[in-house]
Amino acid sequence: MAFTAKPYCSTPTKPPTLSARAPRSAHGLSAAAAATPSTVRLRAFAQRIRAQSQQQQQRRRRPEYVPHRIDDPNYVRIFDTTLRDGEQSPGATMTSAEKLVVARQLARLGVDIIEAGFPASSPDDLDAVRSIAIEVGNPVEEGAHVPVICGLSRCNKRDIDAAWEAVRNARRPRIHTFIATSEIHMQHKLRKTPEQVVAIAKEMVAYARSLGCPDVEFSPEDAGRSNREFLYHILEEVIKAGATTLNIPDTVGYTLPYEFGKLIADIKANTPGIENAIISTHCQNDLGLATANTLAGARAGARQLEVTINGIGERAGNASLEEVVMAIKCRGELLDGLYTGINSQHITLTSKMVQEHSGLHVQPHKAIVGANAFAHESGIHQDGMLKYKGTYEIISPDDIGLTRANEFGIVLGKLSGRHAVRSKLVELGYEISDKEFEDFFKRYKEVAEKKKRVTDEDIEALLSDEIFQPKVIWSLADVQATCGTLGLSTATVKLIAPDGEEKIGCSVGTGPVDAAYKAVDQIIQIPTVLREYGMTSVTEGIDAIATTRVVVTGDVTNNSKHALTGQSFNRSFSGSGAAMDIVVSSVRAYLSALNKMCSFAGAAKASSEVPESASVQRTE
Ligand SMILES: CC(=O)SCCNC(=O)CCNC(=O)[C@H](O)C(C)(C)COP(=O)(O)OP(=O)(O)OC[C@H]1O[C@@H](n2cnc3c(N)ncnc32)[C@H](O)[C@@H]1OP(=O)(O)O
Ligand SMILES: CC(C)C(=O)C(=O)O
Ligand SMILES: [Mg+2]
């Protein structure tokens, strides 16, 4: 059977071969891990520039802008209304300065039309639209893309005057005027008859053109719930009055995709003069269908799509630019070969910028721009990604300008499998045997079950605890400690002796760690002095892993001797331990140091035969 699946919508990545994996240097670090951060950064930068220029060559030329016509039937204009409908999201108000910054970025992204605001709504918004028109609407670099700058207005002279005042200085100005056409809106909101509405619409479109505006968009608000025949009629009249774009809003996000597609197809088929204007979509997201409806509209003949960055907008928002654009880019062949002029590599940056300025943060699972959109947490997916990225990704992160923390987007967690965890160790530069890996993986799962995310620092802490221990002589079975302000701290410790026998010690102490160490001393009975004790939280948050490091020295004071070997020594041994529980982490570190000491003393064999009377001389 032949496999024909196309994994990526562009920039396909070849499956990695084993021989292509990074070579290792003698000290066990992979060459990639050994490279300095600046060389890694430079390499990544160069790769990115190469990929970008390849993609730019592939991108098709944007047809010359003519308000009422597009010379290439496959080209779809992207009308961005982040600064108008997007700003209608509760709490998303932006200052004029912020709107200007976002508008500049929208121009870089390559949107065809920027709806910069509703100039009649306030003097500040008029100023914001005006400065966007002057600055962003007049790019100075030769050959730079010139976006249309548009202002919204109701169908009245005051609003239209304000809109024209705001956009007139752009090289490509547009006035967008609207009036509702559904029964429900005309009757209850406008309190006007359909005839009055048609008369106002015609008059106001003609008025906007009479001001000298070459490009006038008209929207029959709530078209999704408007009578079809009435729509054909009002649209015919506004085309005659000079409208260049007819925008069909599903104002309350009511239609289903097939319905909205049919609405556009019907308008295209039945509105006299429609060939002299561009049909546009404007889909709200009340039923979560805005993107689907927009694509259905495009398929049915709309050649302007109104969208917002991150899908922000009134109520549940609008169709999101990144979803619509990437769907067209990925699945263009099923959308009659449509394409846009968007430079998708600016999507990530633009999304972040809009989040920052609007204060509206996208949910982690938001398509295209959510933090998890290119992250893989479960073992089977991670294994697939490591073998070939196309198994679980339909878009290359490069395509939207996303640089992720690691090449495969792997996020370690409780659902990760051996392939992913092993590859993380390789990435961090560790080479361990299969046996060591199995031990490590068991501990990894224990930690991952308790933590939301396992970080690189967690892995390193676990490794040093699990793998780089000397041969285990005494191992920790259980530890239980109580502490607080009501009484003495106590601890019970159960250790497994080298011969497999369980030994239990109990002690009080000045705190739970002190009590636990004294309980260990009761069992192992090596006279020691605790020279150093330090604990760091290597990871962040309440579920952080604590790493403890101790240094112990054989106690030679008072001629103390190991109870069984009769030896005394003043050599230091360090030990480290890691766990989310600080007492467990501390006991692991202490045992690690004592095990080294026991190995050194050759006491392993005898030490399980602890006499009742053995004295412990441990000083703090
Ligand atoms: C679907 C959409 O997203 S439409 C865009 C929505 N955006 C906004 O409303 C943001 C900006 N709006 C504003 O700042 C204010 O609403 C303004 C400045 C436009 C108007 O404020 P006000 O004059 O105080 O009027 P208010 O908003 O209370 O009421 C709207 C009036 O406009 C009328 N109206 C509504 N839509 C239209 C229209 N498209 N054309 C003409 N008149 C309209 C209403 O019938 C109402 O008229 P009435 O006062 O005779 O009853
Ligand atoms: C102003 C119009 C186009 C609008 O935002 C809507 O109908 O949703
Ligand atoms: Mg809207």
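This is a predicted model: local features need pLDDT of at least 70, side-chain atom pairs count only at pLDDT 80 or more; totals for chains, interfaces and linings use all residues.

Tutor: We'll go over the ground rules, then a barrel, a helix and some hairpins.

Student: In what order do the eight strands of the barrel go?
Tutor: They close in the order 1-2-3-4-5-6-7-8, with parallel pairing. Strands (E, at least two residues) and helices (H or I, at least four) are DSSP runs numbered from the N terminus, and two strands pair if DSSP finds at least two bridges between them.

Student: How many bridges join strand 7 to strand 8?
Tutor: Three, between residues 278-283 and residues 304-307. His282, for instance, has Glu306 of strand 8 as its bridge partner.

Student: Switching to helix 7: why does its span agree with what it should be?
Tutor: The 17 residues of helix 7 (194-210) should span 24 Å at 1.5 Å a residue, and the end C-alpha atoms are 24 Å apart, so the two agree. The expected span is 1.5 Å times one less than the number of residues.

Student: Which residues in helix 7 are buried?
Tutor: Among them are Val197, Val198, Ala201 and Met204. Buried means 20 or more other C-beta atoms within 10 Å of a residue's own (exposed is 12 or fewer, partly exposed is in between), with C-beta atoms placed from the backbone.

Student: And what do they pack against?
Tutor: Their partners include helix 5 (157-167), strand 4 (173-180) and helix 8 (228-241). A contact needs C-beta atoms, placed from the backbone, within 7 Å.

Student: At what angle do helix 5 and helix 7 cross?
Tutor: Roughly 30 degrees, with their axes coming within 10 Å. Axes are lines fitted to C-alpha atoms, for helices over the stretch in contact, and angles run from 0 to 180 degrees between N-to-C directions.
Tutor: Lys157, Ile160 and Trp164 of helix 5 make the contact with Met204, Tyr207 and Ala208 of helix 7.

Student: Last topic: which way do strand 9 and strand 10 pair?
Tutor: Antiparallel, over seven bridges, with residues 475-482 in strand 9 and 489-496 in strand 10. They form a hairpin with six residues between them, and Gly484 in the turn has a positive phi of about 145 degrees.

Student: What about strand 10 and strand 11?
Tutor: Those run antiparallel too, joined by eight bridges. Their hairpin has five residues between the strands, with Gly500 in the turn at a positive phi of about 90 degrees.

Technical notes: Residues are numbered from 1 along each chain as its sequence is written. Chains are lettered from A and ligands numbered from 1 in the order in which they are written. Two residues are in contact if their C-beta atoms, placed from the backbone, lie within 7 Å.
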